[in-house]
Amino acid sequence: MWYLCVFFHRLLDYRRPEVEALAELFQHNSSNEPLEWRVPENHHPDSPFHFVNLSSDDVARDIANRSLLVKGMYELWGEGSTLEELEQAIKSYPDERKSPYLSSESTFRITVDSFGKVMSFEEQNNRIQQLAYIPFEGRVNLKHPDHKFWLMETDDHGGNNGLPPVVQKRIFFGREIGGSDRTLIPTYQLKSRKYLGPTAMDAEMAFLMANQALVKPGKLVYDPFVGTGSILIGAAHFGAMTMGADIDIRVVRDGRGPDRNVWSNFKQYGLPMPVGLLRADNNLPPWRPGLKEVFDAIICDPPYGVRAGGRKSGGRKLLKGVVGPYTVPDDKRTDHIPSTAPYSLVECVHDLLDLAARMLVIGGRLVYFFPVLREDEANVGNTVFPEHPCFELISSSEQILSSRYSRVLLTMVKRRPYTEEIAEAARVKHTEFRENHVKWLEDGNIHSSVFTPADQLTVSGDTKPLRDLKPKYRGKYV
Amino acid sequence: MRLLTHNMLSSNIKAVANGFPLRIDAEKVIHKEVDLNPDFLRNIFSRIEWRALADAARSLGYAELPEEAEESMLESEEFLGKFHHALLEIHLEEGALVCPETGRKFSVSKGIPNMLLHEDEV
């Protein structure tokens, strides 16, 4: 059955993927067929009005109530370009679908809403009066009605909240089935959270990531760059068991005191504590050999050097200008603080995909952010995202951060098992990174190699060398 | 650190062939009640190295787990309860995990195991 799906006019790229992910969570269709979508005639794909084909009211309600970006999911009773057309459409909508919601025992409410224009209170009242041809028999209840009806209008004048003009004015009337509970966002907003880091994920995005990862009670979710736990909080809210690791022990262990740390962030919202937090390096993960397919989802925001640079194990100190064998004297071992080295985006993503390929269950999801440089016009629209033989990329949603950077939320599903060959290829690559790293150390240009790894980002077959770009300095523009 | 985490970790020092299971040096062990989730336990059961879990639990003073376990035992509520307690409710708060081959200690403080390697171990 087709439903009218009205979105909030924000995070445009994230809206359909969210509904698609939730449809997979609630609809249980084993056929794996993509959802069917259409937009009203003459509407732009970024219009808030969409139609989506779902199996039942219950599925539509579950999706809408769990989502962050669906303003409402409606059973459409009629639409038209004029009020007359709308009346015709509503009158010809089958009575057996309308009458259960119009009975005298029920209560109802009609809300008038508009997109791209403002309607005065008087106009809104007029619109409601004009609906008199619908035989409402129930009583009006504005606060807690049994049935909520919506009349929604778009206008046909030029600008439309920054969208290309909608050529045709459209009016929709429908019965609300469900809608997003946006009160989650003020509840979890970062400004009232006790322990924050410079790159804490905002609450709305953390929930969107959890939705992309199909989080539900009993699932085990891992974040290898946990930081203050902001992403896992989203997953824990939806019932997941969470586990996180970070290379910075001050963040995971100490925080800013007994009531301001990762644990207190979970406590603050009454969420179950993570089942495990540890200090570990994503480059050399301490998982036991043979451990695989334990996590249902891996959700993370890798350190990609814009706001915070990544670190991995390995000496950065040079002894007499060469990288010699580095030994820690035995008497200093207990309190030794191992040095860390910069971690390039390319290596970080390689390690992440390898870890996810090994540790996710089949059908498990890897959800993470990937940075994109916007200034390079050739890149816009045809960015090549990381690939892995075990994974299928199912959605990519861009969020523009500044005129130079945007980040893309990638959702990948593990379709094929992690084989010996794949593991071996990953080992070879890991060694290669290690050797390169030593080379950079000796050349003395490790900073530029890590933060402008242009030659590595060049995809084979792409003849345009990226290395001529101006050097970029992290933190300068964002 | 719960024993679930312990069951997943090994000493990944270069040249260590078998860093699992890590021995536990306990200074402070605490118990925290956690809601029992049977689905989670049934899912995770096949990923657990049972012998390592039973030994670790015993070394922390909980000797109720059988030496061997198999899928069918998950039907029993009593077994689920014990499995749940050992896996999720016993916490090593202070102490260390010890590499079975080299004796290297990975300290555990405030419940967080520090698995980062020194420069000469990577």
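Glu41(A) is exposed because its relative accessible area is 53%, where exposed stands for over 50%, buried for under 20% and partly exposed for what lies in between, with a 1.4 Å probe and protein chains only. This residue is found in the loop between β2 and β3 (49–53) of chain A, where helices (H or I, at least four residues) and strands (E, at least two) are DSSP runs numbered from the N terminus. Although 127 residues separate Glu41(A) and Gln168(A) along the chain, their C-alpha atoms are 7.9 Å apart. The model is a predicted one, in which local features need pLDDT of at least 70 and side-chain atom pairs count only at pLDDT 80 or more, while totals for chains, interfaces and linings use all residues. Residues are numbered from 1 along each chain as its sequence is written, chains are lettered from A and ligands numbered from 1 in the order in which they are written, and side-chain values use heavy atoms, with hydrogens and water left out.

The strands β2 and β3 belong to an open sheet of eight strands in chain A, ordered β2-β3-β1-β4-β8-β7-β5-β6 with mixed pairing; two strands pair if DSSP finds at least two bridges between them. At the edges stand β2 (37–38) and β6 (139–140) of chain A, each with a single partner strand, so one side of each is left without a neighbour in the sheet. Within the sheet, strand β5 (residues 107–115) and strand β7 (residues 147–154) of chain A run parallel and are joined by eight bridges, and Phe115(A) has Thr154(A) as its bridge partner in β7(A). Across β5 and β7 of chain A lies helix α5 (residues 121–129), running at about 125° to β5(A); axes here are lines fitted to C-alpha atoms, for helices over the stretch in contact, and angles run from 0 to 180 degrees between N-to-C directions.

Helix packing comes next. Helix α7 (residues 203–212) of chain A packs with helix α8 (residues 230–237) of chain A at an angle of about 60°, their axes being 8 Å apart. That angle makes α7(A) oblique to α8(A), given that angles under 35 degrees count as roughly parallel, over 145 as roughly antiparallel, 65 to 115 as roughly perpendicular and the rest as oblique. The contact (heavy atoms within 4.5 Å) involves Ala206(A), Phe207(A), Met209(A) and Ala210(A) of α7(A), which face residues of α8(A) including Ile231(A) and Gly234(A). Helix α1 (residues 12–27) of chain A also packs with α7(A), at about 45° and with the axes 8 Å apart, and these two helices are therefore oblique to each other.

A buried site in chain A is provided by Asp351(A), whose relative accessible area is 7% and which lies in helix α11 (residues 345–359). Its side chain makes a polar contact with the side chain of Asn283(A) at 2.6 Å, a polar contact being a pair of N or O atoms within 3.5 Å; within protein, one must be able to donate a hydrogen and the other to accept it, and residues adjacent in sequence count only if both atoms are side-chain atoms.

Chain B has four helices and four strands, and buried residues make up 54% of its 122 residues. The axes of helix α2 (residues 38–45) and helix α4 (residues 77–89) of chain B come within 11 Å and cross at roughly 75°, which makes α2(B) roughly perpendicular to α4(B).
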